[in-house]
Amino acid sequence: MEEKQLLLRAILRGDLRTAFITLALSLPAIVLCLSVHEAAHGAAAYLLGDRTARNAGRVTLSPLAHIDPMGFVCLLLFGFGWARPVPVNISNFKNRRWGMALTALAGPLSNFVTAFIAYCLYLLVWMNSSSVFMQTLGMFLSIVGSMSVGLGVFNLIPVHPLDGSRVVDAFLPFSWSLRLQRYQNIILLVFIAALWFGWLDGLMSLAGNAMLHLAARCVGLFIP
């Protein structure tokens, strides 16, 4: 992810000022992205008939309800992480498999919506970035957009316990889902290694650029 690379480059060349600014902007961006993601899970489950997350106080944007300390640090340092899982009781869904799939899908979708909004605001700020404050705000919005895309794409990986596995389970026979779960730890480690060593940077950049291009097109409709 761009912010991870920027932070590491700043540290390696001894540019502590840039490293501090990047870190200071990344922390609230991480909190926002994770909180939106988990709140979306809880809201989707509630709308589909399960009040478990709502009763547990998880249908909220308050980071205190969602942040897992270790997952927070991993997202900051390595570009991938996690929050506290939202409790879901699938027996409350009319259709258990589709209810779980839609609840899981709500998390990544919320991140893509957040990225789109952040990039739209970033483009608007970039047009008026004459002051230091506006430049800093633009950098923050860019980090939010990048992190949101990365979090959304990562969670769509079809490996348990990530959200993508719940979506795929709605389409696969139950026996196939069980087979995938046997190797979930190995597959997940492979994907984490791929993210860390940059093997998936092309996919992340493609998703991020596509979202930024979409935001630019929409902003261009209102501001020639």
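Predicted model: local features only at pLDDT ≥ 70, side-chain atom pairs only at ≥ 80, totals over all residues.
Student: What makes the set around Val149 and Met211 a nonpolar core?

Tutor: A core needs buried residues such as Val and Met joined through side-chain atoms within 4.5 Å, and buried means under 20% relative accessible area. The largest such set has 17 residues, with Val149 and Met211 making the most contacts inside it. Two or more residues come from each of α5, α6, α9 and α10 (201-222), and α5 gives the most, with 5.

Student: Which residues belong to the other core?

Tutor: That one lies apart and has 16 residues, including Leu25, Val125, Phe140 and Leu141.

Student: What makes the lining of the largest pocket nonpolar, polar or charged?

Tutor: Pro85, Asn155, Pro161, Leu162 and Asp163 lie nearest the centre, out of 24 lining residues. The whole lining splits into 16 nonpolar, 5 polar and 3 charged. α2 gives the most, 4 residues, and the space is about 510 Å³.

Student: How do you know that residues 102-125 are helical?

Tutor: The chain there is 100% helix and 0% strand, with end C-alpha atoms 34 Å apart. The unreviewed UniProt entry lists 102-125 among its transmembrane regions, though such annotations may be inferred rather than shown by experiment.

Methods. Residues numbered from 1 in each chain as written. Heavy atoms only, no water. 1 Å grid on protein atoms, 1.4 Å probe; cavity = no way out; pocket = protein on both sides within 12 Å on 5 of 7 lines; lining within 4 Å. Points joined across faces, edges and corners; volume = space filled by probe spheres on them. Nonpolar A, V, L, I, M, F, W, Y, C, P; charged D, E, K, R; others polar. Buried < 20%, exposed > 50% of the residue type's maximum accessible area, 1.4 Å probe, protein only.
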